[in-house]
Amino acid sequence: MIPVARPVLGREEEDAVVEVLRSRYLSLGPRVPAFERGFAAKVGAAHASAVSSGTAALHLALRAVGVSEGDEVITSPFSFVASANSILYERARPVFVDIDPVTLNLDVEAAAAAITERTTALLPVHIFGYPADTPALERHGLPIVEDACEALGAVHADGVRVGGRGHPAAFGFYANKQLTTGEGGMLTMGSADMKVRVDSERNQGRAPDMGWLDHDRLGFNYRLTDIACALGLAQLDRLDGMLADRARVAARYREALAGVEGLELPCEDLGGDVRGWFVFVVQLPRGVDRDDTVRALLERGVQSKPYLPAIHLMSFYREAFGHREGEFPVCEDVAARSIALPFFPELTESQVAEVAEKLGDVLQVAHKAGAA
Ligand SMILES: *Cc1c(COP(=O)(O)O)cnc(C)c1O
């Protein structure tokens with residue numbers, strides 16, 4: 001079976017974790033600031049705060065830019081559900097707008113048109129590692145919170161790395177991400193004051209310079225362990241290599257899948273943007289049943305995943321907000337046809353060829369069945 005994702009973990013990670021265990025210093029130890037500094041340097045951010053998940057980073061970022069009850073936050077419906085959920089944690093309202101059919105990121109014209117006097121922030125998602133057009137969103141002068149959880153290694157056309165623009169940007173370290181700590185996240189930001197607030201709120205609202213148990217605001221337990229940070233430091237050391245391997249696997253897929261009729265591949269880098277490769281998602285030809293395709297691939301030993309479903313059409317969002325089909329046609333069309341193929345740094349050339357061949361076979365069978 002070829003899995004859909006697989007982390008790269010070696011002796012370095014094992015040694016780093018064992019070293020923390022032997023130090024007996026498992027929480028709030030020296031690896032937390034070390035990982036933060038290393039990560040901030042990697043993306044060109046002034047500051048970074050390590051937290052327990054990408055979702056926690058998004059939540060603290062929204063609080064830090066002042067999003068609160070009744071506010072509207074404009075975001076993409078084509079994302080992992082966490083980006084919209086984090087808005088709801090503060091009782092604000094996610095205002096979805098449709099996506100660009102090429103980059104699959106928030107359509108910046110649609111976002112501009114959706115701004116009202118209740119809009120307090122914009123939440124672009126760098127989906128599948130492709131940099132969202134944040135520079136265009138910056139013109140509105142509203143706070144921006146970036147969901148960069150899929151975009152480690154991505155670079156904007158103006159040369160600024162995703163996470164380095166100064167807006168709070170959330171990264172996630174779940175096992176399928178470009179860098180993993182098992183579970184974990186990081187918020188990068190340009191403001192030192194914001195880091196003070198975020199560091200406090202991830203730790204039950206503890207005042208930075210007051211003793212153990214003084215809490216001067218409401219906070220959470222969103223801390224990341226030293227074990228996770230040690231893992232993160234080891235992963236940072238090999239990050240450039242892992243990103244290069246992902247890019248190489250993507251290039252091989254492009255070649256191997258070029259001849260498959262009707263299949264849409266991820267867009268190429270446009271105008272100087274650089275994608276940070278996270279997943280290899282293809283859109284199946286219209287009329288092909290996506291779930292049947294996933295099943296048929298599985299029978300042939302290839303794991304794949306419908307990725308991503310549209311957030312506004314998930315049962316919770318339908319029921320809570322009355323969303324229905326037809327609201328965001330581009331997103332819905334893409335979401336209905338997209339599957340993530342096996343994609344990870346150590347995927348071999350022959351595995352890529354095998355996936356491509358089997359997908360080609362499955363689609364040919366589906367095509368014949370459709371024609372009959
Ligand atoms: C992975 C991911 C997150 C955060 O996930 P966590 O599991 O909370 O770390 C948020 N948004 C997107 C788009 C993601 O892919």
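**A look inside the core**

A: Let's begin with one residue in this predicted model. Leu123 touches Leu58, Leu62, Val73, Ile74, Thr75, Ser76, Ser83, Ser86, Ile87, Val145 and Asp147, leaving aside residues up to four places away in sequence.

The largest nonpolar core has 47 residues, and Leu123 is one of the four that touch the most other members, along with Phe78, Phe128 and Tyr307. Two or more residues come from each of α3 (54-64), α4 (82-89), β4 (119-123), β7 (185-189), α7 (192-201) and α12 (329-337). Helix α3 gives the largest share, seven residues. Why does this core lie between domain 1 and domain 2? Both domain 1 (11-238) and domain 2 (240-371) give residues to it, so the core lies between them. There is also a second, separate core of 27 residues, and Phe280, Val282, Ala356 and Leu359 are among its members. As a general background, nonpolar side chains in soluble globular proteins tend to be buried together.

Next, the aromatic rings. The structure holds 15 aromatic pairs. One of them joins Phe35 and Phe173, with 5.5 Å from centre to centre and 50 degrees between the planes, which makes the pair tilted. Phe35 belongs to helix α2 (residues 31-43), while Phe173 sits in the loop between β6 (169-172) and β7; the pair links distant parts of the chain, 138 residues apart.

Phe280 is in strand β8 (residues 280-283) and Phe343 is in the loop between β10 (338-341) and α13 (349-371), so the pair ties together parts 63 residues apart in sequence. Phe280 is buried at 0% relative accessible area, and Phe343, at 3%, counts as buried.

Rings can also gather in groups: Phe96, Phe316, Tyr317, Phe321 and Phe328 are linked into a cluster by ring pairs. The charged end of Arg275 sits over the ring of Trp277, 4.7 Å from the ring's centre.

Terms used: Residues are numbered from 1 along each chain as its sequence is written. This is a predicted model: local features need pLDDT of at least 70, side-chain atom pairs count only at pLDDT 80 or more; totals for chains, interfaces and linings use all residues. Side-chain values use heavy atoms; hydrogens and water are left out. A nonpolar core is a set of buried Ala, Val, Leu, Ile, Met, Phe, Trp, Tyr and Cys residues joined through side-chain atoms within 4.5 Å. Buried means under 20% relative accessible area, exposed over 50%, partly exposed in between (1.4 Å probe, protein chains only). Helices (H or I, at least four residues) and strands (E, at least two) are DSSP runs, numbered from the N terminus. Domain bounds come from an automatic or database domain assignment. Contact means heavy atoms within 4.5 Å. Rings of Phe, Tyr and Trp (its six-membered ring) pair if their centres lie within 6.5 Å; planes under 30 degrees apart count as stacked, over 60 as edge-to-face and the rest as tilted. A charge sits over a ring if NZ of Lys or CZ of Arg is within 6 Å of the ring centre and within 35 degrees of the ring normal.
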